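Reader: I would like to learn how to read a ligand site in a protein model. Please take one feature at a time.

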Amino acid sequence: MREKFDIVVACDQGRGIGRDNTLPWRISTDLKYFKELTSTSPYASEGRKNAVIMGRKTWESIPSGFRPLKDRYNLVLTRNPNYALPQGVLKAPSLDEALKLLARGPVDRVFVIGGAEIYRQALIHEKCGLLYLTEIRARFDCDTFLPLNAEQFKGFYRLLSCSEVMQENGLDFCFKVYEFNYPEFLAFESTEPAEEVPNT
Ligand SMILES: NC(=O)c1ccc[n+]([C@@H]2O[C@H](COP(=O)([O-])OP(=O)(O)OC[C@H]3O[C@@H](n4cnc5c(N)ncnc54)[C@H](OP(=O)(O)O)[C@@H]3O)[C@@H](O)[C@H]2O)c1
């Protein structure tokens, strides 16, 4: 398993990511991008697969016919030791326990795929590597938000790449890749306390 995990998220201009435990938009290009990104491993021929870590609510938000997500180890974070999951789906009581568990198996990349509670912990974790952000250039009526405000974002993350702007269903969106900058994060943290639930 690689030393760092990556984060994948789609958010709107208000950093909204969800409503009523579902995605507020439907962008099939983004779903394809997500599937390709999280499923592809150059080590597949050696029997390695990628893993996706998600919160219990995000697990429940995936339609039953689509879960577990194919060709990836699925790991659900829950503090409920009795929470029932289909055979083969992994469970852990914390992000660190999840990473330890996955490190014991034939895992290549690890992706944290939400929701907000899990992003909150993952976005400032020292093992956070890349942030794959689908930026949707519109505002939706969301009840769940990416927990980073614009200032924190600038302080913690460095933009590595940005795709061209694409359009689907009348929505403009693009794929950005950021790198978590841990030393800068530490400097930022020591001067300015982080806000709890930002929405810029
Ligand atoms: N736009 C996107 O890219 C995207 C991606 C994913 C999800 N979403 C949206 O986000 C929303 C769901 O997010 P959410 O914040 O409400 O829920 P969530 O993060 O998916 O799940 C929260 C649950 O995870 C468990 N949990 C949280 N921290 C934990 C920890 N440290 N250790 C163990 N378990 C932990 C708890 O489960 P228990 O209560 O069982 O203990 C908690 O209730 C939905 O609207 C979904 O559609 C959007």
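Predicted model: local features only at pLDDT ≥ 70, side-chain atom pairs only at ≥ 80, totals over all residues.

Reader: What is a polar contact?

Author: A polar contact is a pair of N or O atoms within 3.5 Å; within protein, one must be able to donate a hydrogen and the other to accept it, and residues adjacent in sequence count only if both atoms are side-chain atoms. Here, a nitrogen atom of the ligand is 2.7 Å from an N or O atom in the side chain of Gln121. A polar backbone atom of Lys57 is 3.3 Å from an oxygen atom of the ligand.

Reader: How much of the ligand's accessible area does the protein cover?

Author: Of the 940 Å² that the ligand has on its own, the protein covers 89%. Accessible areas come from the Shrake-Rupley method with a 1.4 Å probe; for residues, only the protein chains shown count as cover.

Reader: Which residues come nearest to the ligand?

Author: A residue is near a molecule or strand if one of its heavy atoms lies within 4 Å of it. There are 28 residues around the ligand, and Ala10, Arg56, Thr58, Thr78 and Gln121 come nearest. By type, this shell has 11 nonpolar, 12 polar and five charged residues. Ala, Val, Leu, Ile, Met, Phe, Trp, Tyr, Cys and Pro count as nonpolar, Asp, Glu, Lys and Arg as charged, and the others, Gly among them, as polar.

Reader: Which element supplies the largest share of that shell?

Author: Helices (H or I, at least four residues) and strands (E, at least two) are DSSP runs, numbered from the N terminus. H4 supplies the largest share, five residues. Helix H4 covers 116-122, and helix H2 (56-61) is another element that supplies at least two residues.

Reader: How is empty space found?

Author: Rolling a probe the size of a water molecule over the atoms shows where empty space is left. On a 1 Å grid over the protein atoms alone, a pocket is an open set of points where a 1.4 Å probe fits, with protein on both sides within 12 Å along at least five of seven lines; lining residues have an atom within 4 Å of a point. The ligand takes up the space of the largest pocket; a molecule sits in a pocket if more than half of its atoms lie within 2 Å of its grid points.

Reader: What lines the largest pocket?

Author: Its lining has 49 residues, with Leu23, Thr58, Ser61, Ile62 and Ile113 nearest the centre of the pocket. H1 gives the most to this lining, seven residues.

Definitions and conventions
Residues numbered from 1 in each chain as written. Heavy atoms only, no water.
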